[in-house]
Amino acid sequence: MCEYGYCRISTAKQSIERQERNIKAEYPNSIIIKEVFTGTKTEGRQELEKLLKRVKAGDVIIFDSVSRMSRNAEEGYALYESLYNRGISLVFLKEHHIDTAVYRKALDGSVAMTGTNADYILEGINKYLMALAKEQIKIAFEQAEKEVEDLHQRTREGIETARLNGKQIGQKKGSKLVTKKSIEKKAEIRKHSRDFGGTLNDVECMKLTGLSRNTFYKYKAEIKAE
């Protein structure tokens with residue numbers, strides 16, 4: 001049996017250490033899989049896809065929370081059931097109530113049949129228990145999906161509020177984006193380009209500055225317009 005801890009962040013600027021620390025606290029021998037991926041779906045996550053191909057029956061995958069597995073309710077539940085049917089255990093540190101161990105216990109806890117007419121009632125109870133267990137899993141993934149939707153909604157509302165208050169949203173049309181890189185590269189162009197008293201032609205100047213053709217000529221045009 002192998003234990004894998006899957007950690008995911010949306011951008012490289014975020015820290016993945018908290019997820020890894022939480023997983024290692026409960027599963028110190030787990031193999032940590034790290035991934036940077038933006039989006040709600042599992043498709044396209046190369047490290048997760050590799051992991052799903054590697055795991056076998058009896059293995060365990062640990063997530064810091066259900067949202068690290070998927071923030072798409074339908075897809076998340078489908079993946080959960082697929083892994084469960086393959087005999088792979090899933091652990092969610094912040095939602096232990098939907099661990100596959102709990103799910104398995106709920107399904108295995110079916111009331112035994114009696115061989116009498118009471119079995120009609122017991123069968124209904126067992127189906128209800130199974131449906132209840134599945135519903136809890138679906139709710140967890142739906143909540144993760146809702147968190148993403150709420151974040152997008154708050155972002156849209158914040159942008160609209162700023163716009164109504166007269167704030168500029170994004171870069172003004174026709175304005176120049178000034179960065180540390182643009183300042184440094186323009187200084188090199190001014191110093192070395194023949195157009196500004198230097199000794200290098202355009203091709204040589206592009207090689208020196210390491211700029212692409214489009215960026216080089218954009219910077220030259222901006223220098224001439226200054």
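This is a predicted model: local features need pLDDT of at least 70, side-chain atom pairs count only at pLDDT 80 or more; totals for chains, interfaces and linings use all residues.
Two residues are in contact here when heavy atoms of theirs lie within 4.5 Å of each other.

Let's start with the whole chain. The protein chain has 9 helices and 4 strands. Read from the N terminus, the elements go β-α-β-α-β-α-α-β-α-α-α-α-α. Of its 226 residues, 35% count as buried. The chain exposes about 14200 Å², and carbon and sulfur atoms supply 53% of that. As for contacts with a separation of 6 or more, 59% are between residues 24 or more positions apart.

| Helix pair | Axes come within | Crossing angle |
|---|---|---|
| helix 7 (residues 180-192) and helix 8 (residues 202-209) | 10 Å | roughly 145° |
| helix 8 and helix 9 (residues 213-225) | 10 Å | roughly 105° |

Take helix 7 and helix 8: their crossing is right-handed. On the helix 7 side, K185, E188, I189 and H192 make the contact, and helix 8 brings C205, L208 and T209. Sorted by class, that gives 3 nonpolar, 2 polar and 2 charged residues.

Then there's helix 8 with helix 9, whose axes cross at roughly 105°. That angle makes helix 8 roughly perpendicular to helix 9, because 65 to 115 degrees counts as such. In this pair, D202, C205, M206 and T209 of helix 8 meet R213, F216, Y217 and K220 of helix 9. The residues of this contact split into 4 nonpolar, 1 polar and 3 charged.

Technical notes
Residues are numbered from 1 along each chain as its sequence is written. Side-chain values use heavy atoms; hydrogens and water are left out. Helices (H or I, at least four residues) and strands (E, at least two) are DSSP runs, numbered from the N terminus. Buried means under 20% relative accessible area, exposed over 50%, partly exposed in between (1.4 Å probe, protein chains only). Accessible areas come from the Shrake-Rupley method with a 1.4 Å probe; for residues, only the protein chains shown count as cover. Axes are lines fitted to C-alpha atoms, for helices over the stretch in contact, and angles run from 0 to 180 degrees between N-to-C directions. A crossing is left-handed if the near helix is turned anticlockwise from the far one by less than a right angle, and right-handed if clockwise. Ala, Val, Leu, Ile, Met, Phe, Trp, Tyr, Cys and Pro count as nonpolar, Asp, Glu, Lys and Arg as charged, and the others, Gly among them, as polar. Angles under 35 degrees count as roughly parallel, over 145 as roughly antiparallel, 65 to 115 as roughly perpendicular and the rest as oblique.
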